[in-house]
Amino acid sequence: MYYSVCNQMEDLAELDRRIAAMPEFSALSGESRYALRLALEEMISNVIKYGYDDHAVHEIGVTLDFHGEAVRVRLTDDGRAFNPLTEAKKTRTAADLNGQDIGGLGVFLVRSLVENLKYRREADRNILEFTIGEASRK
């Protein structure tokens with residue numbers, strides 16, 4: 001299923017409501033539903049907040065491919081290049097959680113919840129793909 005989200009927080013909230021109402025979403029485990037919602041919110045909100053140098057309307061593509069108790073996710077945007085695999089901090093400490101060094105904490109959390117996280121830049125677009133759920137463990 002493909003969704004197009006504008007780079008506005010209101011669109012992100014609407015996407016969350018639409019996904020939560022899907023029967024395929026209900027088929028996921030509670031842990032996978034939580035991980036999916038959190039990963040989408042964190043990664044898309046980062047694009048909305050930090051991805052653009054202008055105030056124009058931009059499209060963020062969201063593709064969800066459900067397979068029983070798993071879902072493959074693909075996010076695409078035309079924002080500035082950002083590879084969460086290399087540009088976000090990979091290690092965190094207790095000091096981070098106490099607010100002393102919070103940059104990249106959301107990306108760190110997403111990385112701990114998803115599997116098969118892949119990034120590439122293609123035709124001036126960021127493409128981020130990951131899997132959540134049991135199929136990702138096979």
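A salt bridge between the side chains of E129 and R120 has an N to O distance of 3.2 Å, a salt bridge being defined as a side-chain nitrogen of Lys or Arg within 4 Å of a carboxyl oxygen of Asp or Glu. E129 is partly exposed, with a relative accessible area of 23%, and R120 is likewise partly exposed, at 32%. In this classification, buried denotes under 20% relative accessible area, exposed over 50%, and partly exposed the range in between (1.4 Å probe, protein chains only). Through salt bridges that share partners, R74, R120, E122 and E129 are joined into one network.

The structure is a predicted model, in which local features require pLDDT of at least 70 and side-chain atom pairs count only at pLDDT 80 or more, whereas totals for chains, interfaces and linings use all residues. Residues are numbered from 1 along each chain as its sequence is written, and side-chain values use heavy atoms, with hydrogens and water left out.

Under the stated criterion, the count of salt bridges is six. One of the contacts is formed by the side chains of R37 and D16, at 2.7 Å from N to O. R37 belongs to helix 3 (residues 30–50) and D16 to helix 1 (residues 9–20), so this pair ties together parts that are 21 residues apart in sequence. Helices (H or I, at least four residues) and strands (E, at least two) are DSSP runs, numbered from the N terminus. R37 is partly exposed, with a relative accessible area of 35%; for D16, also partly exposed, the value is 26%.

A salt bridge is also found between D53 and R80, whose closest N and O atoms are 2.0 Å apart. This pair links distant parts of the chain, 27 residues apart: D53 is in the loop between helix 3 and strand 2, and R80 is in the loop between strand 3 and helix 4 (94–97). D53 is exposed at 69% relative accessibility, while R80 is partly exposed at 39%.

Regarding strand pairing, for which DSSP must find at least two bridges between two strands, strand 1 (residues 2–6) and strand 2 (residues 59–67) run antiparallel and are joined by five bridges. Within this pairing, E59 of strand 2 is the bridge partner of C6. Strand 2 also pairs with strand 3 (residues 70–77), in the antiparallel sense and over eight bridges; here T63 stands opposite R74 of strand 3. The hairpin of strands 2 and 3 has two residues between the strands, and G68 adopts a positive phi near 65° in this hairpin.

N116, located in strand 4 (residues 115–122), has a phi near 55° and is partly exposed, with a relative accessible area of 43%. A123 has a phi of about 50° and lies in the loop between strand 4 and strand 5 (125–133); A123 is exposed, with a relative accessible area of 71%.

D124 is found in the loop between strand 4 and strand 5 and is exposed, at 60% relative accessibility. Together with D54, E59 and D78, D124 forms a negative surface patch. Patches consist of residues with over 30% relative accessible area and no salt bridge, like charges being joined within 9 Å and nonpolar side chains (Val, Leu, Ile, Met, Phe, Trp, Tyr) within 5 Å.

Conventions. Areas by Shrake-Rupley, 256 points an atom, 1.4 Å probe, with all protein chains shown as cover. Lys, Arg positive; Asp, Glu negative; His and termini not counted. Charge placed at Lys NZ, Arg CZ, Asp CG, Glu CD.
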